[in-house]
Amino acid sequence: MHDRHTGGRGPVRGPHAVAVGLFLLVWLSCMWFGSSEYNPNNTTRLFAAISLVDQGDATIDEFEALTIDKAQFGGHYYMDKTPGMTLMALPAVWAADRLSGNDTRKPPTEFNDPRYEPFMKLRLRLAVATTAAVLIAFASVLLFDLATGITGSPRAGLVVALGYAMATPAWGWSTTMFGHAPVGALLLIATWAVWRGTSGTRELGRWRYPLMFGAALGWAIVIELPAILPGFAIGLWAIWRTRAVPWRRRLMLAVIAAAAGIAALVPMLVYNEIAFGLPFKVGYQGVVGFEGMQQGLFGLTYPHIEVLAQIIAGPDRGLVWVAPILVLAPFGLARLIRAPETRDLGWLAAAIAVIVLLYNSSYYYWDGGYSTGPRHSVPALGFLALGLAPLWQAWGQTGRRWIAGLLGLSMVINLAIAAAEVTAPHGFHFPVYDPVMTRFFAGEIRTVPSDWWHWKTGFGLAFYLALALPMLWFLFRAVSLSSAPPRDSLARIT
């Protein structure tokens, strides 16, 4: 296992045509299948965005009866989340107001209002297509580049990227306004920026890498405060990766990263000032109806081993059931750690996975309420998927067939999750089968054509497959050609 370098330019890059195709496939897959416009985690973020766009304030008083996820300060109700997803949704809400022609001065405030479903559906779909879907598609491209760089194999890079974006619940959660998948994507973007920016003498002087690093980590915190924990690990890794850089250049890189991070945090401080009158006050301090949030620090206490076991392999929320491909991750990360050239990257990926899983097992509401898989562990998925790269590179034909089989199985499972039910309710012993698979095969799914063009859901799914499968074929064909030796090399070998 090693970085394939080209002079001082750093590791080889993933082919651009594959990167573009991968971005389009992942983006299409995330925006094609919709989550519920009645889910309180979706709605509370959108209600705040609607209030900011239409009324210029952050209160959700008129909507408070429609969501259990809310905070109360004084006589007003607010979103009980940090504002990152809401702020990113503002352009979509503004555009929806103009596209729909609705009277936004009096939006629907009751579920039985016939305007409610189309009103919220349009804003939710536009917001997802312009926020979460874009972030996970971009992160998958950078993960493809990273895995290609450390193995020299574009096919290994593609397996990792698909393993992350389409073979884990990162796909399903990217059809929602929840913050887990975008945070995971931003952590990957920051990691790529450090790796690429320190993998060649020509890259070290470029300001775009510390800018991306700082902005990605800063915005991840704006979306979800717990991003501080894995973000701190990436920051320490960045210090390690630049240990041999002359101190003047190192100081310049640190200043750029810090400035970008601070700039990314400013919108959250502005939102807090508008909402609460104080820049450092957050909605979590006024949560209504969730007494567990009063334990420890906003519901965080200490890791519980029995909960960790449920997160990893429990039938109700276990990662191995919603993403079987991840059973290989520990073996791959161990290979990264054993190889001197990738040891630090392997330790980082393992550390982030452990940090996120321990955080999840420390949280009072660890199961995430209505959730398919452990949604609070989603930020770790890309780092676990990175372990597939050394396995693909090292294993022979039989081993690669096992990887391909698990990848295909995981992609089918997560297609069903994204299309049918990413927020499985309580009361199901094995949600991957029921309700996910049972609803999927019964055609109880949501697609763009079925939601907006009134197609039968089966036709909407078939249309997606007619677009996605040729794109997958192109991607694997393209990486096979890029991995093949030149013709003159073949001639010399034969």
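Leu386 touches Leu143, Leu146, Ala147, Ile150, Val160, Leu336, Leu345 and Ala349, leaving aside residues up to four places away in sequence; a contact here means heavy atoms within 4.5 Å. This is a predicted model, where local features need pLDDT of at least 70 and side-chain atom pairs count only at pLDDT 80 or more, while totals for chains, interfaces and linings use all residues. Residues are numbered from 1 along each chain as its sequence is written, and side-chain values use heavy atoms, with hydrogens and water left out.

## The cores

Leu386 and Tyr164 have the most contacts inside the largest nonpolar core, which has 155 residues. Such a core is a set of buried Ala, Val, Leu, Ile, Met, Phe, Trp, Tyr and Cys residues joined through side-chain atoms within 4.5 Å, and buried means under 20% relative accessible area (exposed is over 50%, partly exposed in between; 1.4 Å probe, protein chains only). Apart from this core lies another of five residues, including Val282, Tyr284, Val287 and Met293.

## Helix α12

Which residues of α12 are buried? In this helix, residues 305-313, they are Val307, Leu308 and Ile311. Seen down the axis of α12, they fall within an arc of 100° and so line one face of the helix; the arc is that of the directions from the helix axis to the C-beta atoms. Their cover includes α13 (319-322) and α15 (343-362). On the other side, Ile305 and Glu306 are exposed. Helices (H or I, at least four residues) and strands (E, at least two) are DSSP runs, numbered from the N terminus.

## The whole chain

The protein chain has 22 helices and two strands. Of its 494 residues, 58% count as buried.
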